[in-house]
Amino acid sequence: MVIDGRDVLAAGEFQAYDTSHVTVLVLFAVGLVPIVLLGRRVRGTAGEATTSRVLAVGIVAVTVPLQVLQLLPAEWNPRTSLPFQLCDLAWMFAVHALWTRSRLTSTVTYLWGLTLTTQGMATPDLASAWPEPRFVMFWAMHLLIVWAAVYLVVGLGVLPTWSTYRRTVVITLVWAASVLVYNTLADTNYGYLNGKPSRASLLDVLPAWPWYVAVEIAVVAAVWALLVWPWTRARTGTLAGAARPA
């Protein structure tokens, strides 16, 4: 394929479900088991706080340099470099949840991670191929967010509640409204709130803008409720977690 006089494949543009994409997805799937087992091993022990905080520091150590890299002149792009995507916030919530084992930030990480982050992994809107920095940043951030989510909820048992579900919905709506306004003023498309991705995604099956945004909000809220419901039942049984900060 030739774009602007250059062969994008020869230039190393990311291709969905090529070898690098499949390799990362396999790595992600394989990593789910040990991270859950780690959480269950340390749950309720003296090592829970230390282990969780080491994981939090690990996410910061991987993510912050890659985020800073986007702000450097060689990588800077006002349409993509600013930390306004939901995953740019999700890793911060994940770090807070790991450090404090807060039920609210754990719920945010869990709901954002298992739905919106995994959607981005399945249909990534990514141009850079391995081993370019943006490729590394994109996949490191996405994998770490979801691994943190399953570690916290399935591993440690920091379970969501209907209260933290409602607050997560409110937090998400505030983010969406803020980014929608910024996109309109700056002619950007963070969060794909002002237009669908240029690459194939699940948004393609929804109506045109702005209706797909409303449909997406409704569908996501319903899916989140389904993800919370089993844990609210489990709370009264053997899977109920110990008291956690709200």
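This is a predicted model: local features need pLDDT of at least 70, side-chain atom pairs count only at pLDDT 80 or more; totals for chains, interfaces and linings use all residues.
Residues are numbered from 1 along each chain as its sequence is written, and side-chain values use heavy atoms, with hydrogens and water left out.

**Confidence and overall layout**

pLDDT is the predictor's confidence in each residue, from 0 to 100. The chain has a mean pLDDT of 87, with 90% of its residues at 70 or more. Residues 1-11 stay under 50, and the model has 10 contacts for them beyond four places in sequence. Residues 238-243 also sit below 50, and that stretch has 10 contacts beyond near neighbours in sequence. Contact here means heavy atoms within 4.5 Å.

Seven helices and two strands make up the elements of the chain, in the order β-β-α-α-α-α-α-α-α from the N terminus. These are DSSP runs numbered from the N terminus: helices are H or I with at least four residues, strands are E with at least two. Of contacts between residues at least 6 apart in sequence, 72% join residues at least 24 apart.

Out of 246 residues, 43% count as buried. Buried means under 20% relative accessible area, exposed means over 50%, and partly exposed is in between (1.4 Å probe, protein chains only). The accessible surface of the chain is about 12,400 Å², and 71% of that belongs to carbon and sulfur atoms. Areas come from the Shrake-Rupley method with a 1.4 Å probe; for residues, only the protein chains shown count as cover.

**The core**

A nonpolar core is a set of buried Ala, Val, Leu, Ile, Met, Phe, Trp, Tyr and Cys residues joined through side-chain atoms within 4.5 Å. The largest one has 59 residues, and those touching the most other members are Ile59, Leu98, Trp139, Leu143, Tyr151, Tyr165 and Trp224. Two or more residues come from each of α1 (19-42), α2 (48-71), α3 (86-100), α4 (103-122), α5 (133-155), α6 and α7 (211-234). Helix α5 gives the largest share, 16 residues.

Leu98 shows who meets whom: leaving out residues up to four places away in sequence, Leu98 touches Ser52, Arg53, Leu55, Ala56, Ile59, Ala148, Tyr151 and Leu152. Thr50 and Leu98 are 48 residues apart in sequence, with their C-alpha atoms 9.8 Å apart. Thr50 itself belongs to helix α2 and counts as exposed because its relative accessibility is 52%.

Over in helix α6 (residues 162-186) is Thr172, which is buried at 12% relative accessible area. Setting aside neighbours within four places in sequence, Thr172 contacts Trp112 and Trp224.

**Salt bridges**

How many salt bridges does a search of the whole structure find? The search turns up two, counting a side-chain nitrogen of Lys or Arg within 4 Å of a carboxyl oxygen of Asp or Glu.

| Pair | N to O distance |
|---|---|
| Glu48 and Arg101 | 3.5 Å |
| Arg79 and Asp187 | 3.2 Å |

Glu48 is in helix α2 and Arg101 in the loop between α3 and α4, so this pair ties together parts 53 residues apart in sequence. Both of these residues, Glu48 and Arg101, are buried. Arg79 is partly exposed at 46% relative accessibility, while Asp187 is exposed at 51%.

Tyr17 is not a glycine either, yet has a positive phi of about 60 degrees. Tyr17 sits in the loop between β2 (6-7) and α1.
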